[in-house]
Structure formats: C-alpha cells, structure tokens
Amino acid sequence: VQLVESGGGLVQAGGSLRLSCVASGSMLSINTMGWYRQAPGKQRGLVATISCGGSTNYADSVQGRFTISRDNAKNTVYLQMNSLKPEDTAVYYCNANIAIINYWGEGTLVTVSP
C-alpha cells in the first residue's frame, strides 16, 4: 500500500491550500484516514481524521478552519485548509488504517508566511 500526498506549498497568512492523498496498491477497504503534521523541532500530531462512514475529528487548533473529506471510490482523502496561520507551517502526513495496520505517506510541506 502506498500513500502519496500532494498540494503543499508556500502561501501567505490568511490564504488557503488543499491537500490530497491517494492510496494505491493491494488493499482491503480503508478504515480511518487522516492528516497529521510535524513542525520543526516538534512531535508529529493529529490534524484531522475521518472514518469510512464520514465521522470527523479535528485538533482544536484547526477546528473551524480546516475541513477533511474523503472519496472512498477513489481511495482519496482531502484536507481543505483556510485562514492559514504561520503556526500551521509543517510537513503534513497522510495516514490510512487498513486491516489494523497504519500506513503513512512521505509528507508534503506547507509553509505559511506572515
């Protein structure tokens, strides 16, 4: 199973970005999918998750600004990020839980300038 993220880049504070992550390879159905991030010098932490049924969970720091969604037919999860802040700068990693195994993408860098 391979997860490939896209959509990262440089944006000014207040701007928006949309991240995508596609899962490919031989797999059963995907359970929870999510996004995590790691800023320089910090541990990786939760951004948002979404269950196969569409239930969502967000970190307090992004609640109301970020929206996670998924397209089960395309094995794809999205993260719409609005009102971005410099403190959102991090490498964003896609995660997928498949048959109790957690898979990770290689990450995509999001940089928010003041």
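**Close-up views of a predicted model**

**View 1. The largest pocket and its lining.** The largest pocket in this predicted model has a volume of about 180 Å³. Its lining is made up of R37, Q38, A39, K42, Q43, G45, L46, S61, E87, D88, T89 and A90. Two strands, β4 (residues 30-38) and β5 (residues 45-50), are the elements that contribute two or more residues to this lining. When the residues of the lining are sorted by kind, three are nonpolar, five are polar and four are charged.

**View 2. K42 and A90 in the lining of the pocket.** K42 and A90 both belong to the lining of the largest pocket, and K42 is found in the loop between β4 and β5. K42 has a relative accessibility of 58% and therefore counts as exposed, since the cut-off for that class is over 50%. Although K42 and A90 are 48 residues apart along the chain, their C-alpha atoms are separated by 9.5 Å.

**View 3. The largest nonpolar core.** This core holds 29 residues, and W35, L79, M81 and Y92 are the members that touch the most other members. At least two residues of the core come from each of the strands β3 (17-24), β4, β5, β7 (66-71), β8 (76-81), β9 (90-98) and β11 (108-113). Among the contributors, β9 gives the largest share, which amounts to five residues.

**View 4. G34 and the residues around it.** G34 lies in strand β4 and, with a relative accessibility of 0%, counts as buried, because buried means under 20%. If residues up to four places away in sequence are not counted, G34 touches A48, T49, I68, Y93, C94 and N95. One of these residues, N95, is 61 residues from G34 in sequence, yet the two are 5.1 Å apart in space, C-alpha to C-alpha.

**View 5. The aromatic pair of Y36 and W104.** The structure holds one aromatic pair, formed by Y36 and W104 in an edge-to-face arrangement, with 5.1 Å from centre to centre and 70° between the planes. The pair links distant parts of the chain, since Y36 belongs to strand β4 and W104 to strand β10 (residues 101-104), 68 residues apart. Y36 is partly exposed, with a relative accessible area of 22%, and W104 is also partly exposed, with a value of 38%.

**View 6. Two loop residues with positive phi.** N75 is not a glycine, although its phi is positive, at about 50°. N75 is placed in the loop between β7 and β8, where it is partly exposed, with a relative accessible area of 26%. A99, another residue other than glycine, has a positive phi near 50° and lies in the loop between β9 and β10. The relative accessible area of A99 is 40%, so A99 is classed as partly exposed.

Conventions:
Residues numbered from 1 in each chain as written. Predicted model: local features only at pLDDT ≥ 70, side-chain atom pairs only at ≥ 80, totals over all residues. Heavy atoms only, no water. 1 Å grid on protein atoms, 1.4 Å probe; cavity = no way out; pocket = protein on both sides within 12 Å on 5 of 7 lines; lining within 4 Å. Points joined across faces, edges and corners; volume = space filled by probe spheres on them. Helix = DSSP H or I, 4+ residues; strand = E, 2+ residues; numbered from the N terminus. Nonpolar A, V, L, I, M, F, W, Y, C, P; charged D, E, K, R; others polar. Core = buried A, V, L, I, M, F, W, Y, C linked by side-chain atoms within 4.5 Å. Buried < 20%, exposed > 50% of the residue type's maximum accessible area, 1.4 Å probe, protein only. Phe/Tyr/Trp six-rings, centres within 6.5 Å; stacked < 30°, edge-to-face > 60°. Contact = heavy atoms within 4.5 Å.
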